[in-house]
Structure formats: structure tokens, C-alpha cells
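Work through the exercises below with the sequence and the coordinates at hand, and try each task before reading its solution.

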Amino acid sequence: MRKDSGGPPIRRLLVANRGEIAVRIMRTCRDLGIETVAVYSDADVDAAHVHAADAAVRIGPAPAAASYLRADAIVAAALETGAAAIHPGYGFLSERGAFARATTDAGLVFIGPSAEAVEALGDKLAARRTARDAGVPVVPGTFEAASVDRPDALDAVVADAEGVGFPLLVKAAAGGGGRGMRRVSKVDELPAALAAGAAEAAAAFGDGAVYLERELRPARHIEVQLLGDAAGEIVALGERDCSIQRRHQKLVEESPAPSLTRGERETLHALAVKAARAARLFNAATAEFLFDAERRFWFLEVNARLQVEHGVTELVTDLDLVAEQLWIAAGEPLSDEVRRAATMAAEPSRHALEIRLSAEDPSREFAPAPGRIGVWVMPAGPGVRVDTAVAAGERIAPHYDPLIAKVMTVGPDRPGAIDRMRRALDEIVITGIQTTLPFDRAVVRDPAFLEADLSTDYVAERWDPTASRSVALSRAQGAAAQAFTTAGNSPSVGGASEASLHKDGQTGSTGWARAAREDMIDRWPR
Amino acid sequence: MTSPAARRPVRLAEASGGGRPGDAIVDVTPDGIPAGAVIGAVGAPDSAGRRFIEVVVDGWRFELLAEDAARAALRERATSTRGDEIPGGGPLEIRAIIPGRVIAVAVGPEDSVAAGDALLVVEAMKMQNELRAPRAGTVARVLVGAGSTVEVGDVLVVLG
């Protein structure tokens, strides 16, 4: 590949993740000539990431806590299969300092920042202090954990809350994805919110520390992609606007952020680099900011890992961020391509969008809608990229994230990228499960979105599923009546039985699939 | 185009929505499946000749129970003469609407609950979903405990 040294940066890599991100990382490994090792739970015996890898190791039963969150089992799998490095992907163990440390202690390379930096930034409070001390404006709030265990300390928390101002958010220091987060509009709601936030954080992250942060509204969520090498050079590769969210989970992302001036872009990128430098970050990371109605940027947090939405930046910059991560982890300085992309970051010449297609019901406040997929047709064509790891007939298990595909488009400008997204979404056909597709199609037709009138309140303000769903229902009734009449006296059609329509059974493939898997592991040269 | 005499109206109830408002009686026309509608699965007919039909339109997925409208009318007349099948203050089964794992149960048998009271929490896809009582009543039975794995449609709690 690119580097003059000849061989790939790493000979064999274990990917400590599942789903589309594991498959996406393995694709780059194939490009670079790196052998890959997958890990899998019992629910994923036949999953795409297992098939994509050169070898696979079972690490435990379906629940994440017993499999994908088991650092010891994953490090052991790497050692057993002769992998030289571990890529954590996003989620799961990617932001656990202890996992990065266990990896390096075992003599393996961790694809990401140092364990110290992951630890420092994984604690949102430490990140807030670091950014503040570096002179980066931080969202107003507290900088130490609130004491929730001692009732006598509540007065101090109430005083802090009054200083921060209402409405405010109780947030988990170890948090992410909105878990452990509670909105507090007045002081009497505070004790219950602290208790609930701390309990949810303790359950989700094993750490119940919470703090207070003012709720900035209206605001846009804008983040900066960073890449740094071991020598300490850090560059910004442009920003992404991720304002359209529900329950603090992103639904739509785009790069560049619409309507920023060149000057604002340069300011934002400089703030992000400053925060990253203060945290001694290297490899890939993202600094997240809120952009308020007065056009000010406020530091939120740093994610010391590859983001779900990194592909948007790849489409704009033409870089492969995973490949860059691997070269950096192998000790290489930032590549010429990365430096060139960084110089163009304030004036990008392309625009890219990503829509996260999830197994969720947008008519029931995006409630999870797991089940078995029937028909599965994904878009293709000019300017379209789809990152997914599911296929027709596959079961979307309730154990993991509901994300089923990331649909990305790129164009010369924002309208061009949106036109392609509209076309791409119209090509999608999925049966068997409810997905976010109705919402996604509505977004790319919504005048407010087309005018880039974005805010983190977008879903609450703009999404009303009722009319769209009832129009679809009457058409569906017409179609069903037709299908009923056509079916006549014939038995079930399309391979479905009533049981599979109603209640998802067990996958029938586990026995032979597991045998095949074990056979495959046995064949692996040790 | 109007349908020829051989065509018969079909009654459609929305199985997934659980509500009467979704019901419709549709005259089948020979125009074929409307553009943009995708028929997913068509279930086998039950003893009454009804079929579940999955349709996706504009990304919305529906499970519809299709039945010959004339047969539906006959069946309903038969059941209503039997009298006491009309739901009133009888027991109410609270069923799982998503598959997942029960992580907490807030009520026990003979507890009185008000409408909106939390009954239990089901975790699925990293989200905790609280199930609340749709009406006031006394808990007759609790069929799951913390740690139970539940599938869609499983009865969780029965309210008296």
C-alpha cells in the first residue's frame, strides 16, 4: 500500500467489536494486507463480521457484559490467535482506559489514544477541567462529581444547581449516548434526577458519578475530527454537524456544518486542536461542541476513538481514517494526504451526509423494534456509500445497538448531497422490522432541513408521524386486500408462517454454524 | 375501474396497532398492488380464513389481519349473541411490546395500582423501557421476575 516501507503497518489485527463498524475496519485491513481476527458472542455466530474475518474467536454469551465487554477474554483471544494489535471500534470497550491498558500490558498495540488519555477523557469531568484549563470555553456547569450518596450533601448540590441555572442536565461522568442523563427544569426535580441518573450510569458504565451542566437551547451540535501522531502533531480534518438527534443519539450527520463562515470554522478547529493537545491525544479523536444562537462554541467532550459518523469526513476528505489510525499506531507520522486535507478543512470542496437507519419505530418515539429482516434492499450508485453488516433473513437481536445501516452520500455541495440522499433513501426496501426510514425520508424533504435550519430540538419541533403513517396505512390496506384476494386458498406466501410474523423464534442455524466456526478456528495456523 | 362481481370486499384490521381506528373495509380492484407498497409476508390462513399480511409503504410497516368482509360480519354476529365477550371491567393482560430482559418489577400480587403507575422495566437495545398501568386496578398476577427474558406478546402482568 501507500508507505514505502513495503509491508502493512500491522500483520494481524483483532477487531474488538461487532456489526457494521467491525466489517468496516476489516475492509481497510484487507486493503492494506492485514489479517483480521473477529470476536463474537453466541448471538453472532453467523454474523457478517465473523464471516469477514480470517479467524474468529467466541468470547461468551449474547449479553454484551458477558462477551463484547470482557476485556480479559478479548486480550486472550488476541494472544491466542497471534494478533499484534486490537482495534476497539466505537462503543463497547473503546473508551475504557483499563482495556487500552490491558492491551498494551499484554504487549499488543491499542489502535487509539494512550490509556492515560482514554482514561482522562472517558471521565467527562476530567475532560471539562482539561479544556477549561487550556482556555477552551466549556458548557457552564460543575467540574466535580455531585455527592448523591450522602443526603447531607444535597444542599451543596442544590447550591451548585442554582449557580448553573435551570433548566440543567444531570450527566454521567462516564457517560455517552444520553445514558445516565436527566433533564431538570426546577429545583425540586433535582434529587430524583440525581438518584435516577446515578443509578442508570452505574448500571451502564459501572460508575455512578454525575455532574451538572446547563442546558443550552437552541443549539447545534458540531464536532471536529482530529488526527494526531505519536510525535504530538495534531490536525483538524473538518467538522460535522450532528444536530438532528433523539434522546441524545444522532440521527443525521453532515460535513461541513452548514452556514459556518470560514472564520468560524478556523476558530472551531483551533479550539478542538487546543483541547486535544492539552489532553495529549494522538490517533483519531473527536471534539464535540455546542454552537449557540449567539454563534459561540462551547466545549462538550472529547471522544477518544473513531466515531460512528467518521465516514462523512472520509467522503469529504477522500481519506481512509481507519488506515490512517493503523499507520499512526505503527509509529508513522501524519501522512501527506492527512496534512493536505487539514489545510483544506476550513474550505471544503465537497459536502457529505449520513443517515443512521435504525431498527426503531419513529411513530412510537423511536422505541426499539428488533425482529427478523425479510426483504433487504440497499441503495447504490454515484455518490452513495452504505456501511452495514446485516442482510435479508437476519435477526436484529435486542442485545445490541439498533443501528442497522449507515447511508452516506456525497456531492459537490449540500443540495447535491441531499438530492442523492433522497434518491438513495427511496431505493431502500426493508420488510420484517420497522425502521427509521419514514423519518429519514421526511427529513430530506423538510424545508427546514433543506434551509439548514438545524437544532438539537429538531425532532421535537419538526417530526409528526401521524399524518404520514395514516396515509401509508390506507395504501397498505389496499395492497393487503389485493394480496389477500390473490393468495386465495394457497398456503403462506413469501416463506412466512404466522409464527414468524408475530413472534420471532430462535435462529435455526446455530448448531451447524457453530460447528463450522469451530472447524474454522481449528484450521487457523497458530 | 370498478371491480367485477367476482371480487369481494376484504376487511383489514391493524394487528400491530391494536386499535380499531386502523380497521377498514376495502373493495379489491383489479389495478394490482398500489405503487410503492411492498408485500412482505403473507401468513397461512387460520381456521376462519383470516390471514396476517405484512405491508410496507413509505417505510412504514404494517401487520394487517385480512378477512373476507362477509365472513367477518357473520362471525361477529355469532360471537355477539354469546353475550359476555365484550370487554368491560374484566382482567387486563399487560403484554410485552418489545423483546428484551426484565430488569425490575415494581409491583406484586394484590397491589393496587393507579393508571400510569410503573409496573416493570424492560431493557432492550441498551434502553430501559418502563411499562405503566393503562388503568387503575389490582394486580392479579405477575408472570415475570427481574432477569426474565421476554418476547413480543408475552403476558407480563395481569390487572384485575
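The exercises that follow concern a predicted model, and each task is followed by a solution in steps.

**Exercise 1. The three-stranded sheet of chain A**

Determine in which order the three strands of the open sheet in chain A are arranged, and which strands stand at the edges.

Solution. The order is E7-E6-E8 in chain A, and the pairing is antiparallel. Strand E7 (182–184) and strand E8 (210–214) of chain A each have a single partner strand, so they stand at the edges and one side of each is left without a neighbour in the sheet. On average, neighbouring strands of this sheet are turned by 30 degrees against each other, direction ignored. Looking at one pair in detail, strand E6 (residues 168–172) of chain A is joined to E8(A) by five bridges in the antiparallel sense, and in this pairing Leu168(A) lies opposite Arg214(A) of E8(A). Finally, helix H8 (residues 190–205) of chain A packs on the sheet, where it touches E6, E7 and E8 of chain A, and the direction of H8 makes about 25 degrees with that of E6(A).

**Exercise 2. A helix pair in chain A**

Classify the packing of helix H1 (residues 19–32) and helix H11 (residues 321–329) of chain A by angle, and list the residues that make the contact.

Solution. The two helices pack at an angle of about 65 degrees, with their axes 9 Å apart. Angles from 65 to 115 degrees count as roughly perpendicular, and H1(A) and H11(A) are therefore placed in that class. Their crossing is right-handed. From H1(A) the contact involves Ile25(A), Thr28(A), Asp31(A) and Leu32(A), while H11(A) contributes Val322(A), Ala323(A) and Leu326(A). Sorted by class, these are five nonpolar, one polar and one charged residues.

**Exercise 3. The setting of one histidine**

Decide whether His351(A) counts as buried or exposed.

Solution. His351(A) belongs to strand E14 (residues 351–358) of chain A. A residue is buried if 20 or more other C-beta atoms lie within 10 Å of its own, and His351(A), with 22 C-beta neighbours inside 10 Å, therefore counts as buried. Among the residues that His351(A) touches, leaving aside those up to four places away in sequence, are Glu254(A), Pro256(A) and Asp413(A).

How values were computed:
Residues are numbered from 1 along each chain as its sequence is written. Chains are lettered from A and ligands numbered from 1 in the order in which they are written. This is a predicted model: local features need pLDDT of at least 70, side-chain atom pairs count only at pLDDT 80 or more; totals for chains, interfaces and linings use all residues. Two strands pair if DSSP finds at least two bridges between them. Helices (H or I, at least four residues) and strands (E, at least two) are DSSP runs, numbered from the N terminus. Axes are lines fitted to C-alpha atoms, for helices over the stretch in contact, and angles run from 0 to 180 degrees between N-to-C directions. Two residues are in contact if their C-beta atoms, placed from the backbone, lie within 7 Å. Angles under 35 degrees count as roughly parallel, over 145 as roughly antiparallel, 65 to 115 as roughly perpendicular and the rest as oblique. A crossing is left-handed if the near helix is turned anticlockwise from the far one by less than a right angle, and right-handed if clockwise. Ala, Val, Leu, Ile, Met, Phe, Trp, Tyr, Cys and Pro count as nonpolar, Asp, Glu, Lys and Arg as charged, and the others, Gly among them, as polar. A residue is buried if 20 or more other C-beta atoms lie within 10 Å of its own, exposed if 12 or fewer, and partly exposed in between; C-beta atoms are placed from the backbone.
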